[in-house]
Amino acid sequence: MNRQIIKSPLHHKKNYFLSLGKGITGAMVVFILLGMVWQPYSPTAMDAMAKSQAPSLLHLCGTDNMGRDILSRIMEGAGTTFFIAACVVLIGFTIGTLIGCLTGYFGGLADVILMRVCDSITAFPSILLALVLVMLCGRGKYQIILILGILFIPSFARVVRGEVARQRSQNYTAAARLMGAGHFRIIFKHILPNLLPVLLPTLSIGFNNAVLAEASMSYVGVGVQKPELSLGGMLSEAQTYLGNAPWYALFTGLTIVLLILGFSMLGEGLSREES
Amino acid sequence: MFKKRILALFLAGALLAAVLSACGDKKTQGTPGSDETGSSGETVNGGELVVGISQDLGDSLDPYQMTAAGTREVLFNVYEGLVKPDKDGNFIPAVAESFVKSDDGLSYTFTLRANVKFHNGAVVTANDVVKSFETCAATTVDTALAAALSTVTKVEAVDDQNVRLTLSEPNGDLLSYVASVYITPAGYANNATAPVGTGPFKFVSRAVQENVILEKNTEYWGEGAYLDKLTYKIYEDTTALMNALGAGSVDMAAHLTIDQVNTLNTADYKTVEGTMNLVQALYLNHKVAPFDNEKVRQALCYAINVDEILALTAEGHGTKVGTSIYPAFGKYFDPSLVGSYPYDVEKAKKLLTEAGYPNGFEMTITVPNNYTPHVNTAEVIVEQLAKVGIKATLNQVEWGTWLSETYQGRKFQSTVIGFDAVSLTAGALLNRWVSTDDKNMINYNDAKYDELMKQAANAIDDQKRIDLYKQAAKRLTETAANVYIQDLADFVVMKKNLDGYVFYPLYVMDMAKVHYVK
């Protein structure tokens, strides 16, 4: 009783996180989709007459050290970063959920071993592990997707495993068993839909981490390789010209901030909605 | 918890914006002023100077053991040979006063300058010179020098003032090698840590990762140094060096790029522009199709707009080369080769069609990722090649990988890099393209070129040798051996009240000529 009294005013309060998160994320997605079909200039077209120009009506975000339009470059780079983050989350999410479901539901030796493997992966700083894997796999867009995808599996597996283990002891699972449903039917038809409230925030945070991981790897030069664009690579390029063309770093950094902020707020909003 | 994270994000964003807007103030500086020597006043004798360098002299200070260019550059002021290079690439007498060459080119007699003193006070004798040549021939780590000295069959002291070298075969470039044989006291064994030479500055001390201190040699035989004391302060990287320059704790620094110079306040420093002394080009592997086809290589030359590369990557600074010789080589450099392939998209397309690639082709440009100027140049080339239908991609590799795979392994299609010269001989730049040379990374194989190089090496007459080397360099241009781009601009910055910096065709800093002005 007591609990409901405290909760009810909160419940009626508008969920600003959710609406703001939806707004920012929606705007970013539209921006990136637009970048796929139209850009004000070619992101690689150089112009010696327009080097390091400040933002103007002609170039809304200014130009870089080789006279390339920064807005077009950000559109292109954000697209690459978004694509990589989405793929990474897809790999980590799919495999992580699968592992989490199976180990959480069945438990036993496989559970112990797989979770210890996940522990040992998370024990290393992820960027260090990623750098080691880059040495083995080489550099490039698809290598980064693969490496980060693998490194993101444990975080999803861990969350899903805990939740599945909890759901397994619920009455509806027992009821389903009594009705003669098979294990896999129970996992994927009965338990999985109930994971959604936990999964959605995890997904958005995972997406954020993927954006940051790609950006930092490209920033240190082991991620997406020139002349292909990504936000992290652009930021490291912009650093050299901080003195001459600060808008390059500013707008690139701002894009990363907005991308992450939108998804953070979306995730937080979603988890508030559930509680 | 989560609110905190969002707050942190906002704060980070705000901080970034603040930092960036602070940096924006510097924009008004624009391009640095060029050499302002015209405004220099009265030359001052004396004073102390701090030079910032971005590498320690970690290899060895021994004249025959030092390998790093950064070490050679400092000790150029301490050691001298019988002759030494001047800023035009000629060899002027140093420890030797004069020399006589026999008509067959097989014997050189050097007359030592009277009363040249080592930094330890001893007078240079013919015996010191003979011992220096012997030690150098036996221990030098410079393989080209070792090879040249192996043709010197005898080094003998004729009397106290004269030393004679006897050669088994004529060597037109002998003087440049003689200049590399630094003269040190016979029997002195501590050069690796406390070098003793005859140069305008003498060595005082070296602190690891900290500094190297030199002071004026007051008993120098010629026009000595102006400065009393010279401190080379060591910084771990160029970023740290640039910060020190910004803070004013360094008086002078060399080998900077235009972007680095742009970050400095022009009210405190002036900039002198020279060249890096290397040949930057898009080097093509002649063993890999389609670069085995001369028409394709020529098409590339026409398709690449060097002026645009200079404008985009270095605000127009840099010197076009046209062949494997850079302009500081003076007498070997042929300026007429520079314009051999004017930018012409139509001609490039026509040549590609003739060669059987009407729709272009795909190619990879390998470039070491630690050399920003080469990466930037390669990026522009990718764009320019797209205009003639060639789809080029960049392959950025570590410096170590470039050395082992690309340079030694010759596993590449094309690469952007700069080749420099270890000595002031045309051979140092041209020998590598002889078909049998083990440094011929592009697998260049041209019978006419090989023949010209062979004749040049054996020519005793100076003018004839120069002509032959020039013809060889022209042959490289004619056959479009590589897409030659430029000798990169090299910027030296120094405090406003300093003057006298002179660029050499080699990687050295002659500090004897630097002085304060009133």
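Me: Which runs count as helices and strands here?

Reply: Helices are DSSP runs of at least four residues and strands are runs of at least two, numbered from the N terminus. The model is predicted. Chain A has 10 helices and 0 strands. Along the sequence its pattern reads α-α-α-α-α-α-α-α-α-α.

Me: What does chain A span along its principal axes, and what percentage of its residues are buried?

Reply: The C-alpha trace of chain A spans about 75 × 50 × 30 Å. Of the 275 residues in chain A, 46% are buried. Among contacts in chain A with a separation of 6 or more, 70% come from residues 24 or more positions apart.

Me: How are two packed helices described?

Reply: The angle between the axes and the distance between the axes describe two packed helices. In chain A, take helix H9 (residues 231-240) and helix H10 (residues 246-274): they pack at an angle of about 155°, and their axes are 9 Å apart. Angles over 145 degrees count as roughly antiparallel, so H9(A) and H10(A) are roughly antiparallel to each other. Their crossing is left-handed.

Me: Which residues of H9(A) and H10(A) meet?

Reply: From H9(A) come A:Leu231, A:Met234, A:Leu235, A:Ala238 and A:Gln239; they meet A:Tyr248, A:Ala249, A:Thr252, A:Gly253, A:Thr255 and A:Ile256 in H10(A). By class, this contact has 7 nonpolar, 4 polar and no charged residues.

Me: Now chain B. In what order do the 6 strands of the open sheet stand?

Reply: The order is E15-E19-E14-E18-E16-E17 in chain B, with mixed pairing. Strand E15 (319-320) and strand E17 (391-397) are the edge strands, since each pairs on one side only. Inside the sheet, strand E14 (residues 278-284) and strand E19 (residues 482-487) of chain B pair in the antiparallel sense over 4 bridges. One bridge sets B:Ala281 against B:Tyr484 in E19(B).

Me: Which helix lies across strands E16, E17 and E18 of chain B?

Reply: Helix H12 (residues 399-408) of chain B lies across strand E16 (362-368), E17 and strand E18 (414-420), and runs at about 125° to E16(B).

Me: Why is strand E20 of chain B described as largely enclosed?

Reply: Strand E20 (residues 489-495) of chain B has 6 of its 7 residues buried, so the rest of the structure largely encloses it.

Me: How many bridges join E12 and E13 to E20(B)?

Reply: Strand E12 (residues 252-256) of chain B runs antiparallel to E20(B), joined by 3 bridges; B:Met252 stands opposite B:Met494. Strand E13 (residues 269-275) of chain B is also antiparallel to E20(B), with 7 bridges, and B:Tyr269 stands opposite B:Lys495.

Technical notes: Residues are numbered from 1 along each chain as its sequence is written. Chains are lettered from A and ligands numbered from 1 in the order in which they are written. This is a predicted model: local features need pLDDT of at least 70, side-chain atom pairs count only at pLDDT 80 or more; totals for chains, interfaces and linings use all residues. A residue is buried if 20 or more other C-beta atoms lie within 10 Å of its own, exposed if 12 or fewer, and partly exposed in between; C-beta atoms are placed from the backbone. Two residues are in contact if their C-beta atoms, placed from the backbone, lie within 7 Å. Two strands pair if DSSP finds at least two bridges between them. Axes are lines fitted to C-alpha atoms, for helices over the stretch in contact, and angles run from 0 to 180 degrees between N-to-C directions. Angles under 35 degrees count as roughly parallel, over 145 as roughly antiparallel, 65 to 115 as roughly perpendicular and the rest as oblique. A crossing is left-handed if the near helix is turned anticlockwise from the far one by less than a right angle, and right-handed if clockwise. Ala, Val, Leu, Ile, Met, Phe, Trp, Tyr, Cys and Pro count as nonpolar, Asp, Glu, Lys and Arg as charged, and the others, Gly among them, as polar.
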